[in-house]
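Dear colleague,

Please find below the structure for your review.

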Amino acid sequence: MFYASRLLQKHGVQAVFTNREGGATTDFSLLDEDKLAHNIQLLCNQTHISTPHQVIQVHKAEVLHCSGVGYVHKQEADVLLATERGVALAVRTADCVPILLADKQAGVIAAVHAGWKGTVAQVALKAVQAMCMRGANVEKIVASLGPCIGSCCFAVHADVAQKLDDACQQRVNFYRDGLCFADLALANQGQLLGVGVRPENIETLFHCTACHADPSYYSYRRDKGDTGRQLSMIMLA
Ligand SMILES: [Zn+2]
């Protein structure tokens with residue numbers, strides 16, 4: 001049903017990543033807002049996290065500062081940020097990388113939706129910069145990267161691979177059987193390290209959404225677009 005980030009938990013922050021185990025209540029797609037609200041309520045009851053803020057995710061790098069009771073904003077953004085206790089943030093993904101970030105001491109958290117386009121737009125780096133503008137200390141920021149498509153399954157065109165390399169200033173692709181595969185998690189780790197997040201403060205759940213079996217996940221690529229969404233949620237209690 002869900003995995004609680006051990007690293008964020010150790011730092012006193014509540015953060016969960018859902019998977020597909022458990023049937024229809026595990027789908028957090030925005031297509032059916034009533035079903036989404038129902039499934040979020042169930043998850044919030046289980047995790048003791050407040051109803052989260054959500055946005056219209058568009059594979060860019062805009063930041064929305066959220067406060068008060070959570071709801072689905074009609075605004076487009078790919079980073080949600082909060083500076084108040086009890087305010088929850090969530091992103092929906094099915095192959096893209098969900099990244100949950102917190103500086104507990106400064107009381108600043110963020111939730112990031114990073115697909116390949118967002119990664120090229122340096123969405124993780126911009127999330128950290130936005131947190132620091134609100135008082136976070138980059139050396140105190142803890143990051144957890146949730147389930148996303150792995151380099152085992154993410155075949156890309158060479159120009160996409162090149163853009164990803166450029167966006168994180170390291171090589172994050174390799175060739176296998178004449179095809180180019182990219183590592184989105186590695187690209188985002190690189191971006192976080194590049195902006196000054198400490199390596200020991202980064203946790204990555206190496207579950208490929210397209211091929212991991214236990215638990216299984218929704219995968220946009222594997223299911224050719226016809227799939228549900230995982231939810232990744234964070235709150236400072
Ligand atoms: Zn895979």
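**The open sheet and its surroundings**

Tyr3 has Phe17 of S2 as its bridge partner. This is a predicted model, in which local features need pLDDT of at least 70 and side-chain atom pairs count only at pLDDT 80 or more, while totals for chains, interfaces and linings use all residues. Residues are numbered from 1 along each chain as its sequence is written.

S1 and strand S2 (residues 14-18) run antiparallel and are joined by three bridges. They belong to an open sheet of four strands, ordered S1-S2-S15-S7 with antiparallel pairing; two strands pair if DSSP finds at least two bridges between them. Strand S1 (2-4) and strand S7 (88-93) form the edges, each with a single partner strand, so one side of each has no neighbour in the sheet. From one strand to the next, the twist averages 15 degrees. Helix H2 (residues 33-47) packs on this sheet and touches S1, S2 and strand S15 (230-235), its direction making about 135 degrees with that of S2. Axes are lines fitted to C-alpha atoms, for helices over the stretch in contact, and angles run from 0 to 180 degrees between N-to-C directions. Residues are in contact if their C-beta atoms, placed from the backbone, lie within 7 Å.

**The fold as a whole**

The protein has six helices and 15 strands, taken as DSSP runs numbered from the N terminus (helices: H or I, at least four residues; strands: E, at least two). Its radius of gyration, taken over C-alpha atoms, is 16 Å, close to the 18 Å that the globule rule gives for 237 residues, so the protein is as compact as a globular protein of that length. That rule is 2.2 Å times the number of residues to the power 0.38. Buried residues make up 49% of the 237 residues; a residue is buried if 20 or more other C-beta atoms lie within 10 Å of its own, exposed if 12 or fewer, and partly exposed in between.

**Helices H5 and H6**

Helix H5 (residues 158-168) and helix H6 (residues 184-195) pack with their axes 8 Å apart, at an angle of about 20 degrees. The two are therefore roughly parallel to each other, a term for angles under 35 degrees. H5 contributes Leu164, Ala167 and Cys168 to the contact, and H6 contributes Ala187, Gly190, Gln191 and Gly194.

**Leu179**

Leu179 lies in strand S13 (residues 179-182). With 11 C-beta neighbours inside 10 Å, Leu179 counts as exposed.

Yours sincerely

Technical notes: Angles under 35 degrees count as roughly parallel, over 145 as roughly antiparallel, 65 to 115 as roughly perpendicular and the rest as oblique. Two residues are in contact if their C-beta atoms, placed from the backbone, lie within 7 Å.
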